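Morning, everyone. Please have the sequence and the model open while I talk.

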Amino acid sequence: MSDTMHVSGAVQPRAPHQAPLNRDQAASGDHRDPCVPREFVHRPLVDDILVTSWRRRDASHFSLTAQWPHDHGYFTPVHGRHHLILTGETIRQAGLLLCHTELGVPVGHHFILGDLVYTTHPEDLTVGHGPTHLTVDVRCSRMRFRSGTLTSGHFDMTIRRAGRTVATGHSDVTVTSPAVYRRIRGARLTARRVLEPLPAPLPHELTGSAHDSDVLLSPTGRPDRWQLRIAPGHAAMVNPANDHIPGMLLLDAAQQAARALTAPQALLPYAFGTEFRRYAEHGTPCIIEARRVPSALPCTTTIQVTGSQDGEPVFVSTLTALDARP
């Protein structure tokens with residue numbers, strides 16, 4: 001009989017002999033710490049950790065707290081509102097944290113993100129004079145386990161600020177052991193990243209970035225097509241341990257492309273959905289293309305952004321923004 005178990009709508013509880021990875025915390029199910037360990041959210045810098053605590057509510061529901069910085073060096077506010085990518089990064093970190101602490105995934109296992117979809121309420125995303133404190137409600141479903149370790153699952157999340165919903169979203173992940181990941185990646189796993197001359201950036205004003213060094217797009221001569229550029233040491237978006245370009249960096253490139261395509265309209269997307277097709281490799285040009293597509297809702301603008309390498313799609317993002325009022 002296979003040792004793979006499928007649980008629909010409920011999380012397979014951690015086996016009694018499996019201690020939480022955060023061994024210094026009590027086993028009461030309520031964990032609080034001024035700073036979640038970096039390895040639980042796969043972030044090399046403490047300043048980039050957004051999730052601050054977690055608690056199991058029942059077999060398939062969890063409550064977390066998070067905070068968004070008001071003065072982060074990279075995720076800078078846009079027109080007085082929190083950066084769109086903070087919502088996606090919060091969903092990503094919340095899922096990783098629960099996988100490591102509650103769903104039996106050891107640190108060192110690898111996560112393959114299938115999709116990341118979320119909708120925000122811009123009127124509730126205003127930036128104050130200090131960090132914005134949030135609660136995150138998580139429902140887990142379609143969970144698969146092997147020997148007590150999660151191998152895939154779906155995470156639905158609702159993010160609230162002072163009781164008001166500011167964002168909803170979901171992500172789907174697959175988890176692999178180091179041995180399986182080595183087989184998947186093959187020679188790519190140990191390939192040395194060669195730092196080539198960095199192509200010139202678009203003007204940062206076109207992408208909503210604070211500085212040219214934060215711009216992820218380089219012109220190609222077409223107003224709807226760019227080459228991905230990643231500045232060396234870009235710690236806010238690149239973990240040096242990664243053997244591929246991180247998914248969150250691709251999301252940021254997508255929102256920069258949407259803004260560049262619609263400039264000087266100053267597009268401010270509120271909804272963001274991304275499907276990841278394959279790994280984005282270092283050392284291979286990644287072409288980012290953006291185009292307007294029909295919107296499902298009136299008075300909105302929708303942009304589809306595609307990233308490709310060697311003619312094959314890496315990701316497809318769809319961003320929707322409210323049209324500017326006359």
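I'll go from the overall fold to the core, then to the aromatic rings.

A word on the source: this is a predicted model. The chain has five helices and 14 strands. Of its 326 residues, 48% count as buried. Now the contacts. Take those between residues at least 6 apart in sequence: 65% of them join residues at least 24 apart.

Next, the core. The largest nonpolar core holds 72 residues. Which residues have the most contacts inside it? They are Leu64, Val138, Leu150, Phe155, Leu228, Ile288 and Val305. Helix H5, residues 247–262, is the top contributor, with nine residues. The core also draws on both domains: at least three residues come from domain 1 (34–185), and at least three from domain 2 (191–325).

Stay with H5 for a moment. The helix has 16 residues. From first C-alpha to last, H5 reaches 23 Å, close to the 22 Å expected at 1.5 Å a residue. Is H5 enclosed or open? Of its 16 residues, 14 are buried, so the rest of the structure largely encloses H5.

Back to Val138, one of the residues with the most contacts inside the core. What does Val138 touch, leaving aside its neighbours within four places in sequence? On the list are Ser60, His61, Phe62 and Leu64, then Leu98, and then Phe155, Asp156 and Met157. Two of those names, Leu64 and Phe155, are also among the residues with the most contacts inside the core.

Now the rings. Two numbers describe an aromatic pair: the distance of the centres and the angle of the planes. A search of the whole structure finds three such pairs. I'll show two.

One is Tyr74 with Phe75. Their geometry is edge-to-face, with 5.3 Å between centres and 80° between planes. Tyr74 is buried, at 7% relative accessibility. Phe75 is buried too, at 3%.

Another is Tyr118 with Phe272. This pair is tilted: 5.8 Å centre to centre, 50° between the planes. Tyr118 is buried, at 1% relative accessibility. Phe272 is also buried, at 1%.

Last item: a charge over a ring. The charged end of Arg185 sits over the ring of Tyr279, 4.4 Å from the ring centre.

That's my list. Questions, please.

How values were computed
Residues numbered from 1 in each chain as written. Predicted model: local features only at pLDDT ≥ 70, side-chain atom pairs only at ≥ 80, totals over all residues. Heavy atoms only, no water. Phe/Tyr/Trp six-rings, centres within 6.5 Å; stacked < 30°, edge-to-face > 60°. Buried < 20%, exposed > 50% of the residue type's maximum accessible area, 1.4 Å probe, protein only. Lys NZ or Arg CZ within 6 Å of the ring centre and 35° of its normal. Core = buried A, V, L, I, M, F, W, Y, C linked by side-chain atoms within 4.5 Å. Helix = DSSP H or I, 4+ residues; strand = E, 2+ residues; numbered from the N terminus. Domains from an automatic or database assignment. Contact = heavy atoms within 4.5 Å. Expected span 1.5 Å × (residues − 1).
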